Amino acid sequence: MKLLLIDRDSADLSGIRWFLHTYFPGDVTIEISTTINEALQSIQQFEPEVILLNIDLFSNNRLTALYRVLQKHPGTILAMTTEPLFRNALRAIDLQVAHLFVKPIDLEVLKQKLTAISLRTPKAETVYQEATDESFYDQLFLDSKTSTLETNIHFTMIEPEHPEMFNKLYNWLQQTPIYSSMRIYPLSERMVCLFQTNDLEKDVRSLIKEWRLTSNSSLNIGIYDGDPTTMKNMYTLTKRALRQSFYEGYGHIFYTSKQLKTQPFDPLLTPEEQQLLISSLEDGNIEAVKAFLYRLSNEGIYYEQDDLRIHLTSVLAQIRRFMLKYKLHEKAAIEQNYRQLFHLIIEHPIFYTIQNGIISFTQKLIELAREARMEKRADYVELAIEIIDQQFQDSGLSLPYVAHKLGISPNYLSTIFSKKQGLPLKRYLQQVRIHNATKMLVETDFAISEIAYLNGFEDSNYFIKIFKQHIGITPNRYRKT
């Protein structure tokens with residue numbers, strides 16, 4: 001295996017190289033690059049099968065020559081980052097990395113990933129050499145004007161539930177009775193099978209059933225059932241059909257004629273969605289969180305897989321904010337669970353599992369936050385400010401209301417708020433309301449009474465009085481200046 005390590009920290013790379021040379025003696029050739037220019041040159045000359053790079057190299061600019069080369073790289077890409085943040089997850093998804101490590105790298109996990117890759121590679125080479133039609137892979141990936149399949153041969157693709165069982169599946173297929181009527185061409189994560197049979201569905205269902213009994217795991221099988229076309233088109237459409245496993249799970253047959261139709265979807269959270277999530281977390285409303293996530297899997301409505309992963313990392317960013325407020329990130333087990341959830345979102349093949357992972361983790365955080373409030377370990381002033389910023393337009397918002405929301409006494413909240421902010425909570429609330437009112441006076445044509453009402457003042461005369469106290473002039477004069 002040829003492995004290229006890319007990071008500015010040469011000491012880290014040297015340690016990784018030493019570990020891998022110790023574990024894979026003679027089986028792996030490793031090169032190190034510490035700059036983008038070195039990396040570009042190594043990819044061109046060394047032609048690595050696997051690249052492990054620090055994704056932080058790209059900062060906020062992805063429009064680099066190295067980034068474009070990596071997007072087209074035919075081998076496996078593994079990535080590492082200093083922190084599991086939304087922007088890093090976005091880059092990992094964009095580059096289609098096989099795994100995103102968070103520093104310091106777990107070397108045992110790295111070993112497992114590289115072992116799985118190295119085990120697959122020799123098998124693919126052997127089968128390629130044994131294949132009677134050596135031009136098959138050319139036809140699979142290169143454009144051709146003619147179809148290469150006879151009418152009685154069926155194009156299928158088989159994908160195991162667990163990638164590490166790829167070799168076992170290939171060996172098992174060779175020993176099945178149906179092997180004599182099919183040809184197998186392994187790829188990196190799935191294999192193409194050309195069946196010569198009169199009852200294809202019966203044969204592939206038998207394979208799924210027997211494999212489940214043999215390995216206690218499942219297969220997905222994609223079948224091209226369209227009009228005669230090129231091998232490349234069959235491959236593209238069948239691979240796309242297999243992507244339905246993200247919604248459906250494993251143990252299914254997917255026909256190219258029954259592709260899921262995806263709907264347009266903006267993966268980034270809107271301000272309203274961010275507010276809904278934060279409010280649900282603060283209120284301990286796990287049912288609202290569930291409803292927010294389950295709307296993404298309404299029956300008959302599907303979205304592109306990458307868009308959903310990006311959307312869920314945006315959700316995770318709001319969960320992270322909640323963790324920081326209650327200092328939950330200081331708990332080692334919770335921080336580890338958060339990082340595991342980060343990987344689950346960007347890597348796990350089944351959407352349902354990702355949803356359940358987020359819900360389970362959120363439920364745990366809500367319970368811990370409730371305990372933190374009871375133990376008075378949370379920053380109540382920051383929480384009070386957030387409630388004010390969210391609900392200042394409500395005329396009923398007051399010190400007792402905010403204290404009740406936080407589960408503490410009004411006197412205690414009044415004392416700590418004044419001490420930290422340098423002014424009473426009531427005065428701070430007035431400042432927020434008046435600040436928003438000044439914007440509305442300039443940006444809208446609303447009447448003074450309406451602006452007062454929209455900013456939590458039921459009495460417009462009282463609004464004018466408070467406005468003059470804070471700004472020095474009346475709202476009407478402010479609008480004219």
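Author: Contact here means heavy atoms within 4.5 Å. This is a predicted model, where local features need pLDDT of at least 70, side-chain atom pairs count only at pLDDT 80 or more, and totals for chains, interfaces and linings use all residues. Residues are numbered from 1 along each chain as its sequence is written, and side-chain values use heavy atoms, with hydrogens and water left out.

Reader: Thanks! Which residues does Ser245 touch, not counting residues up to four places away in sequence?
Author: Ser245 touches Glu159, Asn220, Tyr250, Phe254, Pro349 and Ile350.

Reader: Why is Ser245 called buried?
Author: Buried means under 20% relative accessible area, with exposed over 50% and partly exposed in between (1.4 Å probe, protein chains only). Ser245 has 5% relative accessibility, so Ser245 counts as buried.

Reader: What makes the Leu242 backbone oxygen and the side chain of Ser245 a polar contact?
Author: A polar contact is a pair of N or O atoms within 3.5 Å; within protein, one must be able to donate a hydrogen and the other to accept it, and residues adjacent in sequence count only if both atoms are side-chain atoms. Here the backbone oxygen of Leu242 lies 3.0 Å from a polar atom of the Ser245 side chain.

Reader: How do you know that the span of helix 14 is close to the expected one?
Author: The expected span is 1.5 Å times one less than the number of residues. Helix 14 (residues 332-347) has 16 residues and reaches 23 Å from its first C-alpha to its last, close to the 22 Å expected. Helices (H or I, at least four residues) and strands (E, at least two) are DSSP runs, numbered from the N terminus.

Reader: And which residues of helix 14 are buried?
Author: Among them are Ile334, Tyr338 and Phe342. Their cover includes helix 4 (86-95), strand 5 (99-102), helix 13 and helix 15.
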